[in-house]
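Keep the sequence at hand as you go.

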Amino acid sequence: MPDRDEPRPRPRARGLLLDIGGVVLRNGVELADSLAQREPALQPMLASLGGLGGARDDLWRDMLAGRVSERAYWSQRSAEMGSALGRTWDTRVMINTMYDAPQATWLRAEVVQLMSDVRAAGLPLGALTNDLADFHGQEWVEAQEWLRLFEVIVDASHTGVMKPDPRAFQAGAEAIGLPPGDIVYLDDMPWNVNGALAAGLDAVRVERDDPLRAVSYARDRLGLSLDAIVATDHPTGRDES
């Protein structure tokens, strides 16, 4: 007989829910340096911060601490970047300028492959995003072939319910037709990961410097890990410091 204290194997997850920016797409923090290569006048402004999200970016730390919203962060930084170029930018103009580059520079191929494999396995696949249409514009959204891999997209641009509101995670779970405990959820923002965990999802943070760790974890939980490096622990977004 097995030892009573031996942990039982976890049931396999039955569906995947993904954030978009920072998970399927490289986000503005990652793309800012590439944009500065095309627009050298941005370089002094970014250098003063140590890059967006860098060591001297106090507004980024305020966002991580919950003192300003993600939208407020990008609104201010987009205005500053536009000013450095002698232009008037809002967040959408900045985002559209950043993504006006070859798709391979901003679309995470390993995540799109995961999406394709999830669909091929007959598992539900959905997106749960705060700002897809608001940041990129509906015309851009409709032109993206990779978005058609999603069976459903729950976008707070349309619903008005933003993560980490528990109702957003409930809506995402209901949209793909599974209880929260059966869903793996990937997001790059720690407060969204913590909110998803509190809502009962198996939530994983996608780190900018190591996105494959979260992808491999999701593959393992979904039984799609034949060619993946299986994560040995749970890469949650909780700050243990």
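Leu16 stands opposite Leu125 in E2. Before we follow that pair further, a word on what you are looking at: this is a predicted model, in which local features need pLDDT of at least 70, side-chain atom pairs count only at pLDDT 80 or more, and totals for chains, interfaces and linings use all residues. Residues are numbered from 1 along each chain as its sequence is written, and side-chain values use heavy atoms, with hydrogens and water left out.

Now back to the strands. Strand E1 (residues 15-18) and strand E2 (residues 125-129) run parallel and are joined by 3 bridges. Two strands count as paired if DSSP finds at least two bridges between them. The names of the elements come from DSSP runs numbered from the N terminus, with helices (H or I) of at least four residues and strands (E) of at least two. E2 also pairs with E3 in the parallel sense, over 4 bridges, and there Thr129 stands opposite Asp155 in E3.

Step back and the whole sheet comes into view: 5 strands form an open sheet in the order E3-E2-E1-E4-E5, with parallel pairing. The edge strands are E3 (152-155) and E5 (202-205), each of which pairs on one side only. Neighbouring strands of this sheet are turned by 20° against each other on average, direction ignored. For such angles, axes are lines fitted to C-alpha atoms, for helices over the stretch in contact, and the angles run from 0 to 180 degrees between N-to-C directions.

How many of the residues of E2 are buried? The strand is mostly covered, with 5 of its 5 residues buried. Here buried means under 20% relative accessible area, exposed means over 50%, and partly exposed lies in between (1.4 Å probe, protein chains only). In a regular strand the side chains alternate between the two faces of the sheet. In E2, Leu125, Ala127 and Thr129 are buried on one side, and Gly126 and Leu128 are buried on the other.

H11 lies across strand E4 (183-187) and E5, running at about 165° to E5. H12 lies across E1, E4 and E5, at about 160° to E5. Ser216 belongs to H12 (residues 211-222) and is buried, with a relative accessible area of 8%. The C-alpha atoms of Ser216 and Val111 are separated by 9.9 Å, although these residues are 105 residues apart along the chain.

Helix H4 deserves a stop of its own.

Ser78, in H4 (residues 70-84), is buried with a relative accessible area of 0%. Leaving aside neighbours within four places in sequence, Ser78 is in contact (heavy atoms within 4.5 Å) with Trp89, Asp90, Thr91 and Met94. Just after H4, Gly86 takes a positive phi of about 70°.

H1 can be read in a similar way. Its buried residues are Gly28, Val29, Leu31, Ala32, Leu35 and Ala36. They cover an arc of only 150° around the axis, which puts them on the same side of H1. These buried residues pack against H2, H3, H4 and H5.

Pro164 sits in the loop between H9 (156-159) and H10 (166-176).

Finally, take in the whole chain, which has 12 helices and 5 strands. Of its 241 residues, 49% count as buried. Among contacts with a separation of 6 or more, residues 24 or more positions apart account for 66%.

Terms used: Arc of directions from axis to C-beta.
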